[in-house]
Amino acid sequence: MAHVEWSAGIDSVSGALAKPSKTGQHSCDKMLLGTHRVAPTSNDQCTRIYLRKKRKRSTEPSAKELRIRSRFTEVGNAVRLRAKDLMQINADQAAFLAQRDLPDGKKTMKAYLWKVCGDAYDEQHGA
């Protein structure tokens with residue numbers, strides 16, 4: 001296994017260091033991914049780097065996947081609009097604060113809006 005030594009000021013790296021672009025312009029053909037694991041172990045070498053080749057999808061998206069993508073897009077747009085809607089901000093904030101400390105409550109306003117808008121989408125579309 002390779003050993004990585006970081007420059008001064010860099011303790012660890014986690015996430016994509018280089019990604020292939022979808023258009024292939026100004027990018028590499030491979031993804032360079034760094035991970036850093038923080039856990040109590042006897043080994044202090046918890047950083048790993050992976051190289052992944054770019055792959056093309058071999059099948060077309062299924063009808064279910066297209067429905068999921070559509071739901072995600074529509075709920076995301078609804079969340080964005082609702083967060084800016086001055087008529088609902090106060091009511092949403094009050095409802096968010098009321099449910100935040102419940103066992104199944106959403107801990108962030110954005111997560112709460114995703115839940116509310118997702119439930120509304122599902123109700124409209126019979127899911």
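I began with Ser14, which I noted as exposed because its relative accessible area is 60%, where exposed means over 50%, buried under 20% and partly exposed in between, with a 1.4 Å probe and protein chains only. The model I was reading is a predicted one, in which local features need pLDDT of at least 70 and side-chain atom pairs count only at pLDDT 80 or more, while totals for chains, interfaces and linings use all residues. Residues are numbered from 1 along each chain as its sequence is written, and side-chain values use heavy atoms, with hydrogens and water left out.

**Entry: Ser14, continued**

I placed Ser14 in the segment before β1 (15–18), taking strands (E, at least two residues) and helices (H or I, at least four) as DSSP runs numbered from the N terminus. I then looked up its contacts, meaning heavy atoms within 4.5 Å, and, leaving aside neighbours within four places in sequence, I found Gly34, Thr35 and His36.

**Entry: the chain as a whole**

I counted three helices and three strands, and reading along the sequence I wrote down the pattern β-β-β-α-α-α. Of the 127 residues, 13% count as buried. Among contacts between residues at least 6 apart in sequence, I noted that 30% join residues at least 24 apart.

**Entry: α1 against α3**

I looked next at helix α1 (residues 63–84) and helix α3 (residues 109–125), whose axes come within 9 Å and cross at roughly 125 degrees; axes here are lines fitted to C-alpha atoms, for helices over the stretch in contact, and angles run from 0 to 180 degrees between N-to-C directions. That angle makes α1 oblique to α3, since angles under 35 degrees count as roughly parallel, over 145 as roughly antiparallel, 65 to 115 as roughly perpendicular and the rest as oblique. On the α1 side I listed residues including Phe72, Val75, Val79 and Arg82, and on the α3 side residues including Leu113, Trp114, Cys117 and Tyr121. By class, the residues of this contact divide into 10 nonpolar, four polar and four charged, where Ala, Val, Leu, Ile, Met, Phe, Trp, Tyr, Cys and Pro count as nonpolar, Asp, Glu, Lys and Arg as charged, and the others, Gly among them, as polar.

**Entry: α2 against α3**

I found that the axes of α2 and α3 come within 10 Å and cross at roughly 100 degrees, which makes α2 roughly perpendicular to α3.

**Entry: two residues of α2**

I looked up Asp92, which lies in helix α2 (residues 89–100) and counts as buried because its relative accessibility is 4%. Its side chain is joined to that of Arg82 by a polar contact of 2.7 Å, a term for a pair of N or O atoms within 3.5 Å where, within protein, one must be able to donate a hydrogen and the other to accept it, and residues adjacent in sequence count only if both atoms are side-chain atoms. Not counting residues up to four places away in sequence, Asp92 touches Arg82, Met109, Tyr112 and Leu113.

I also checked Gln99, found in helix α2, which counts as buried because its relative accessibility is 14%. With residues up to four places away in sequence not counted, Gln99 touches Gly105, Lys106 and Tyr112.
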